[in-house]
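Hello,

Here is the structure I promised to pass on. Have a look at it first, and then read my notes below.

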Amino acid sequence: MSTDSELAETVAALQEPDPAERAAMLKALWVWPSQDDRLHPHIADLLGDSSPCVFGTPIRYGEIRWLAAQVIFAEYKARQRKECVRLEDVVVPVPGDELARLAQRAGIDCDATLPALLAAFAELHEMGQLPTTTLELRL
């Protein structure tokens with residue numbers, strides 16, 4: 001369980017206007033589940049956040065909500081809870097080279113820089129040009 005100040009810092013990061021900051025905290029919580037019930041509603045709030053972010057090795061571009069689902073599932077696994085996390089129509093995380101090809105096909109100018117790829121992701125998402133799936137995570 002987190003101290004009150006650690007909890008406040010974590011919640012503040014999850015509510016940051018910058019998606020990169022929200023993603024950074026989610027990535028940390030994915031690797032190191034907090035097992036603190038007080039965080040669950042703040043993470044669950046992000047299950048509807050379709051803001052673009054980066055994660056993984058190699059880097060993939062996806063939605064904040066994909067990361068939030070992974071964090072909730074990591075929390076369930078850490079506690080050995082047999083609960084399912086399900087997201088409908090979530091963008092399948094896309095490697096940078098594939099994202100650049102999708103942008104080019106859609107007529108979007110995009111170089112290989114992080115800001116350009118994130119902007120292309122957002123534009124392609126708005127156009128409905130990114131692959132989606134139903135994400136279902138269960139033990």
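Which residues in H1 meet which residues in H2? Thr10, Ala13 and Leu14 are the ones in H1, and they meet Glu21, Arg22, Met25, Leu26 and Leu29 in H2; contact here means heavy atoms within 4.5 Å. Five residues of this contact are nonpolar, one is polar and two are charged (nonpolar covers Ala, Val, Leu, Ile, Met, Phe, Trp, Tyr, Cys and Pro, charged covers Asp, Glu, Lys and Arg, and polar covers the others, Gly among them).

Before going on, a word on the source: this is a predicted model, in which local features need pLDDT of at least 70 and side-chain atom pairs count only at pLDDT 80 or more, while totals for chains, interfaces and linings use all residues. Residues are numbered from 1 along each chain as its sequence is written, and side-chain values use heavy atoms, with hydrogens and water left out.

Back to the helices. H1 spans residues 4-14 and H2 residues 19-31; they pack at an angle of about 130 degrees, with their axes 7 Å apart. Helices (H or I, at least four residues) and strands (E, at least two) are DSSP runs, numbered from the N terminus. Axes are lines fitted to C-alpha atoms, for helices over the stretch in contact, and angles run from 0 to 180 degrees between N-to-C directions. H1 and H2 are therefore oblique to each other (under 35 degrees is roughly parallel, over 145 roughly antiparallel, 65 to 115 roughly perpendicular, and the rest oblique).

H2 also takes part in the one aromatic pair found in a search of the whole structure. The ring centres of Trp30 and Phe55 are 6.4 Å apart and the planes stand at 70 degrees, so the pair is edge-to-face (centres within 6.5 Å; planes under 30 degrees apart are stacked, over 60 edge-to-face, the rest tilted; for Trp the six-membered ring is used). Trp30 in H2 and Phe55 in strand S1 (residues 52-55) are 25 residues apart, so to speak linking distant parts of the chain. Phe55 is buried at 3% relative accessibility, and Trp30 is partly exposed at 29% (buried is under 20%, exposed over 50%, partly exposed in between, with a 1.4 Å probe and protein chains only).

S1 belongs to an open sheet of three strands, in the order S1-S2-S4 with antiparallel pairing; two strands pair if DSSP finds at least two bridges between them. S2 (residues 60-63) pairs with S4 over two bridges, and Arg60 stands opposite Pro95 in S4.

Best wishes
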